[in-house]
Amino acid sequence: MAIILDGKALAKSIVKEVKTQVNAMAEPPGLAVVIVGDNPASRVYVNNKKKDCQACGIVSTEYALPEDVGESKLLALIDELNQSKDVHGILVQLPLPEGYDVQKIIQAISPLKDVDAFHMLNVGRIFNGDYSFLPCTPAGVIELLDYYNIDPKGKHCVVVGHSNIVGKPMAMMLLHRHATVTVCHIHTADLGFHTRQADILVCAVGKIGLITGDMVKPGAVVVDVGINRRDDGSMCGDVDFEAVSQVASHITPVPGGVGPMTRAMLMRNTVMAAN
Ligand code: NAD
C-alpha cells in the first residue's frame, strides 16, 4: 500500500506559518476576489478562499458581479483594484461566463498583484526560472514532493494535461528541478505507454478513472490533481485510487491532496504580494 501524501496536513501547517507572517506585518494583506456569474463550483472555491484568508488574518473582499456585467465594467473594477493601496492581491475566479475574453481580463491585472500567476509577465518569468509568484496548483505539488523528500532531479516525470494553469507550468517547474519531463494530453497516442515510464506521474485532466493500476510503474509517485464529482456527488480525482495505491510508492488522495495545497499557496502568494 502506497504512502499517502497528506496535502491537508501540510497545508494546515503552511496556513499556520502564513498566519505568523501576517501577525508580524504592520498592515494585514488584502486580497480582492472577483467572481462573475453564479457558477456553483466557483462559488464553493471562492467561499473556501475567503475561509482561508480568515484563518491567516488576510483581509479578503469579494466582488460578486452579475453574469451580464460586461467586459468594460469588469476591466474598470480591475483597474480600480490595481490602484488601491489596500489591495495587494487580485484574483478573478475562473471560468468566466461565456462571452468574456479571459486573456484580456487576466492581462489587465497588475503583474505585481497577480497572485494566481496567470499574467503573461509572470508566466514568462516562470519559463526563465526567475519568478516571484508561482501558479498555486503546480507550486503546491512541488511543495508536497519537497516535504516528503521526493526529489524530481534525474527522474522521469510524466505530466498528463497541458493546460496553461496546471500542466504546462507543472512541466516547467519539474524541468527546473532537473527532471526529464514528458507532457501528455488529449491527442497523446497510447497514454499508458507514457505513464508507465513515469517515476513521478502528475495527472491533471478531469476524467474519472483515467489512470488505472496497469498504467503505473511499480514504485512510482502518483500525484492526482484532477477534481471530479461522481454521480452521488462525492469527489474524486483522475486516478483509480484503490488500484493505483497498490502499485505506487506514494499517492495523493482526492480530496485531501493537491486541493488544500493549492489553497495554501494562494495565501502564501498574497503575503508575498504585500511584502
Ligand atoms: P483543462 O480542461 O484546462 O485541461 C485538461 C487537460 O487534460 C488538457 O491538457 C487536455 O488535453 C487533457 N486531456 C483531456 N482528456 C484527456 C485524455 N483522455 N487523455 C490525456 N489527456 C487528456 O483542465 P485544468 O484546468 O488543467 O484542470 C485539470 C483538472 O485538474 C480538473 O479536474 C480540474 O478540476 C483540476 N484542478 C484541480 C486543482 C486543485 O487544486 N486540485 C486546481 C486546478 C485544476
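This is a predicted model: local features need pLDDT of at least 70, side-chain atom pairs count only at pLDDT 80 or more; totals for chains, interfaces and linings use all residues.
I take contact to mean heavy atoms within 4.5 Å.

**Helix H1**

I started with H1, which runs over residues 7-23 and has 17 residues. From its first C-alpha to its last it reaches 24 Å, close to the 24 Å expected at 1.5 Å a residue.

Next I looked up which residues of H1 are buried. I got Gly7, Leu10, Ala11, Ile14, Val15, Val18 and Val22. They sit on the same side of H1, because they cover an arc of only 140 degrees around the axis.

What do the buried residues of H1 pack against? I found helix H2 (40-56), helix H6 (136-147) and helix H10 (258-274). On the face turned away from the buried side, I noted the exposed residues Lys12, Lys16, Thr20 and Asn23.

I also checked the N-terminal end of H1, and Asp6 caps it. One of the side-chain oxygens of Asp6 lies 3.2 Å from the backbone nitrogen of Lys8.

**The ligand**

His162 has a polar side-chain atom 2.5 Å from a ligand oxygen. For Ser163, a side-chain N or O atom is 2.5 Å from an oxygen of the ligand. For Thr262, I read 2.8 Å between a polar side-chain atom and a ligand oxygen. Taken alone, the ligand exposes 860 Å², and the protein buries 74% of that.

Technical notes: Residues are numbered from 1 along each chain as its sequence is written. Side-chain values use heavy atoms; hydrogens and water are left out. Helices (H or I, at least four residues) and strands (E, at least two) are DSSP runs, numbered from the N terminus. The expected span of a helix is 1.5 Å times one less than its number of residues. Buried means under 20% relative accessible area, exposed over 50%, partly exposed in between (1.4 Å probe, protein chains only). The arc is that of the directions from the helix axis to the C-beta atoms. A polar contact is a pair of N or O atoms within 3.5 Å; within protein, one must be able to donate a hydrogen and the other to accept it, and residues adjacent in sequence count only if both atoms are side-chain atoms. Accessible areas come from the Shrake-Rupley method with a 1.4 Å probe; for residues, only the protein chains shown count as cover.
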